[in-house]
Amino acid sequence: MSKIPVSPTETERCIESLLAVFQRYAGREGDNCTLSKREFLSFMNAELASFTKNQKDPGVLDRMMKQLDLNCDGQLDFQEFLNLIGGIAQACHVALCVQAPPGRPPTKKL
């Protein structure tokens, strides 16, 4: 009996996308399992450009890197990267909940 291929769910596609984006930037300067500071900056400027372009403080990305780098090795591993993504997702969720009137679901688009 052969199994019928099942299309990935929306959540599975999101996970695949996060993995692919991390791998696209990781390893450009060495270890393909971590983001160096330069790789992190490249990721932020390309993938989260609307966030970085709205920052008035030029040191904000350096401070973010230091806060995310929990083991203080000067690089971000995948878990540390997920902390960034989770934090951004949480902030977006809170913003959507604040915008939605009581009794109405939040809108889908950011």
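Modeller: A residue is called buried when its relative accessible area is under 20%, exposed when it is over 50%, and partly exposed in between, using a 1.4 Å probe and protein chains only. This is a predicted model: local features need pLDDT of at least 70, side-chain atom pairs count only at pLDDT 80 or more, and totals for chains, interfaces and linings use all residues. Residues are numbered from 1 along each chain as its sequence is written, and side-chain values use heavy atoms, with hydrogens and water left out.

First, the setting. The protein has 5 helices and 2 strands. Helices (H or I, at least four residues) and strands (E, at least two) are DSSP runs, numbered from the N terminus. Read from that end, the order is α-β-α-α-α-β-α. Of the 110 residues, 24% count as buried.

Now the rings. The whole structure holds 5 aromatic pairs. Rings of Phe, Tyr and Trp (its six-membered ring) pair if their centres lie within 6.5 Å; planes under 30 degrees apart count as stacked, over 60 as edge-to-face and the rest as tilted. Take Tyr25 and Phe43: their ring centres are 5.7 Å apart and their planes stand at 80 degrees, so this pair is edge-to-face. It joins distant parts of the chain, with Tyr25 in helix α1 (residues 10-25) and Phe43 in helix α2 (residues 37-47), 18 residues apart. Tyr25 and Phe43 are both buried. Phe43 also pairs with Phe81: the centres are 5.2 Å apart and the planes at 70 degrees, so this pair is edge-to-face too. Here the link runs from Phe43 in helix α2 to Phe81 in helix α5, 38 residues apart. Phe43 and Phe81 are both buried. Together, ring pairs link Phe22, Tyr25, Phe43, Phe78 and Phe81 into a cluster.

α5 has 22 residues. From its first C-alpha to its last, α5 reaches 31 Å, close to the 32 Å expected. That expectation is 1.5 Å times one less than the number of residues. At the start of α5, a side-chain oxygen of Asp77 comes within 3.1 Å of the backbone nitrogen of Gln79. The buried residues of α5 are Glu80, Phe81, Leu84 and Leu96. Their cover includes α1, β1 (34-35), α2, α4 and β2. Contact here means heavy atoms within 4.5 Å.

A salt bridge is a side-chain nitrogen of Lys or Arg within 4 Å of a carboxyl oxygen of Asp or Glu. Leaving aside residues up to four places away in sequence, Glu80 touches Leu68, Asp69, Leu70, Asn71 and Gln75. Between α4 (60-68) and β2 (76-77) runs a loop that holds Cys72. Cys72 is not a glycine, yet its phi is positive, at about 55 degrees. Its relative accessibility is 67%, so Cys72 counts as exposed.

Other charged side chains do pair. Side chains of opposite charge can pair when their charged atoms come close. The whole structure has 4 salt bridges. One joins Glu47 to Arg24, with the closest N and O atoms 3.1 Å apart. This bridge spans 23 residues, from Glu47 in helix α2 to Arg24 in helix α1. Glu47 is partly exposed at 33% relative accessible area, and Arg24 is partly exposed at 45%. Another bridge joins Asp62 and Lys37, at 3.0 Å from N to O. Asp62 sits in helix α4 and Lys37 in helix α2, so this pair ties together parts 25 residues apart in sequence. Asp62 is partly exposed at 30%, as is Lys37 at 40%. Glu29 and Arg38 also form a bridge, with the closest N and O atoms 3.1 Å apart. Glu29 is partly exposed at 43%, whereas Arg38 is exposed at 63%.

Notes:
A polar contact is a pair of N or O atoms within 3.5 Å; within protein, one must be able to donate a hydrogen and the other to accept it, and residues adjacent in sequence count only if both atoms are side-chain atoms.
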